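Visitor: Please put the model up, and then I will ask about single residues, helix packing and the ligand shell.

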Amino acid sequence: MIKLVAIIGAGFSGATTAIHLLKAAKTPMRVILIDAKSPHGGGLAYSTFDDNFVLNVPAQNMSVFPDRMDDFAQYCNAEDSALVSSSFVSRRIYGEYLKQRLSSVAQTSMGELVLLKERVISLTQDASGYQLHCSSGLKIGAHSVVLSFGHFAPKPLDALLPGKVDAKALIVNNPWDVHAIDSVPRNKDVLIVGTGHTAIDTLFRLETALADRRIWMFSRHGLHPQGHRPVGEFHKDPVLQKMVQDRVLEALLRTHSLRAVVKVVRQLISELDVNWRDVINALRPITPTLWQTLPKTEKSRFLRHVVPYWDVLRHRLSPLAIKRLRTSFDEGRSTIGAYAIQSIRTQRDGDIQVTAKCRHTHQANSFTVGAVVNCSGPTYDITKTGNELVSFLSSQGILSQDEMKIGFRVAADYTVNPNFPRIYYVGPMLKATHWEAIAVPELRVHTARLAQTILEDSQ
Ligand SMILES: Cc1cc2nc3c(=O)[nH]c(=O)nc-3n(C[C@H](O)[C@H](O)[C@H](O)COP(=O)(O)OP(=O)(O)OC[C@H]3O[C@@H](n4cnc5c(N)ncnc54)[C@H](O)[C@@H]3O)c2cc1C
């Protein structure tokens, strides 16, 4: 009987799993790629039509194929010869690439690709595998199921600051909803909660409205985003990489202490005659080992104290994006501040008064804005995703949260529960096990491995 693999979620993770399955299929199989939204292949990050949103990784490191690293750069160059391997292209182009590779691999595969626009809300087990139940009433039978439902919108601000947020205040809690961002009043200042990549995307989107307003971006530490170098970002020096990795791993294995690891990284940055980015880049391949080796108390310490610094150094903006951001600061259109928000209240005139305590002065300050956009980061709390399928799977005990509450419990073969064979998870919630698992360079490897596992399990 022909094997059916149902993939729930057709963002990068689901689409790439389908690509790897179809590419490697040696016998007939059916891959059913299901997404509540079209188009299949874009997902949250790559469905945009706005070329303001640029990849933060150069083309040369964005191939979907771990064994053909120049695939995306070649695609870009064929589309426009001005685009080369070091170009940072728009996320829209990347979405086009994913869709193109999905459809071209399907044309030559032994397997068949079926695209369905459906919202899966639950599943049941039966003799032949699983039945997926969709909100439309459709039932889909599958031998294997891949859960790749991706990111979930941030926890609403009133859940992050209970009792301190006025329910009437104009708050955009889903920063990836561009229609909501566009509906923010143009003649009033805006507060963005967060200073990471989504906050910067939101700033750029708001700035396209050419409105005369100031945009505040607050986070507790108020760290400024860092950029990639205009040239030579992904030049790799294997000798340097090995030396950095050996020194850091030696410190970790000797002490099992986060403090010792951070100390060595700082020493390497100051001792070596290289750009600090080269040291941070060298850590990327060993980050899963570092994360898995740290004791729980040290992981908690990392989450409490180090994450804001790590995120700024590791997740850098493209050279043009950092330049654009600095121009926005210099021209007074936006400001980053180190503030902890204390309350958000609506005034009689409808404006919002935000009270926030400055990290440096310890004083409470008041800001009047027309809207607040919540860019506090995707929620990793399984009970707060707002996704019916996730709630169902967790209520049935099929899917569970990891002990640090930053993702799902997923085994090395990507299964989520030994009592439910051939239900797999792939996507950013792998962060719980690997820490470094949310971007394309890692996810393409996980999806390729998962495809191999599914093909072996299906035999
Ligand atoms: C804004 C943004 C920009 C990024 N930029 C970069 C970058 O420049 N470089 C890089 O390497 N990485 C980047 N990343 C990270 C990385 O590429 C993402 O983590 C990747 O998009 C993850 O894809 P995914 O398929 O797991 O999740 P998603 O893209 O979130 O896709 C999940 C899909 O599942 C669907 N779905 C969910 N539940 C159901 C259901 N019950 N039934 C049916 N469908 C369902 C959703 O509709 C969605 O389409 C970015 C991430 C974001 C969010």
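Visitor: Is H224 buried, partly exposed or exposed?
Guide: This is a predicted model, in which local features need pLDDT of at least 70 and side-chain atom pairs count only at pLDDT 80 or more, while totals for chains, interfaces and linings use all residues. Residues are numbered from 1 along each chain as its sequence is written. A residue is buried if 20 or more other C-beta atoms lie within 10 Å of its own, exposed if 12 or fewer, and partly exposed in between, with C-beta atoms placed from the backbone. H224 has 14 C-beta neighbours inside 10 Å, so H224 counts as partly exposed.

Visitor: Where does H224 lie?
Guide: Helices (H or I, at least four residues) and strands (E, at least two) are DSSP runs, numbered from the N terminus. H224 itself lies in the loop between β10 (215-219) and α8 (238-255).

Visitor: Which residues does G337 touch, leaving out those up to four places away in sequence?
Guide: G337 is found in strand β11 (residues 334-346) and is partly exposed, with 17 other C-beta atoms within 10 Å. Two residues are in contact if their C-beta atoms, placed from the backbone, lie within 7 Å. With residues up to four places away in sequence not counted, G337 touches W216, F218 and G222.

Visitor: Is V64 buried or exposed?
Guide: V64 lies in the loop between α2 and α3. Not counting residues up to four places away in sequence, V64 touches T16, I19, D71, L98, R101 and R444. There are 25 C-beta neighbours inside 10 Å, so V64 counts as buried.

Visitor: How far apart are the C-alpha atoms of V64 and A448?
Guide: V64 and A448 are 384 residues apart along the chain. The separation of their C-alpha atoms is 9.0 Å.

Visitor: Against which helix do the buried residues of α3 pack?
Guide: In helix α3 (residues 71-79), F72, A73, Y75 and C76 are buried. They cover an arc of only 160 degrees around the axis (taken from the directions from the helix axis to the C-beta atoms), which puts them on the same side of α3. An α-helix has 3.6 residues a turn, so residues three or four places apart point the same way. The buried residues of α3 pack against α4 (91-108).

Visitor: At what angle do the axes of α7 and α13 cross?
Guide: Axes are lines fitted to C-alpha atoms, for helices over the stretch in contact, and angles run from 0 to 180 degrees between N-to-C directions. Helix α7 (residues 197-207) and helix α13 (residues 319-330) have axes that come within 11 Å. They cross at roughly 65 degrees.

Visitor: Which residues make the contact between α7 and α13?
Guide: By class, this contact has five nonpolar, one polar and two charged residues. Ala, Val, Leu, Ile, Met, Phe, Trp, Tyr, Cys and Pro count as nonpolar, Asp, Glu, Lys and Arg as charged, and the others, Gly among them, as polar. The residues are I200, L203, F204 and E207 of α7 and A321, R324, L325 and S328 of α13.

Visitor: Which residues are closest to the ligand?
Guide: A residue is near a molecule if its C-beta atom, placed from the backbone, lies within 6 Å of it. The shell around the ligand has 16 nonpolar, twelve polar and three charged residues. Of the 31 residues that surround the ligand, the closest are G9, G11, G43, G150 and G427.

Visitor: What is the phi of K405?
Guide: Most residues other than glycine have a negative phi. K405 is in the loop between α14 (388-395) and β15 (423-425) and counts as exposed, with 12 C-beta neighbours inside 10 Å. Although K405 is not a glycine, its phi is positive, at about 60 degrees.
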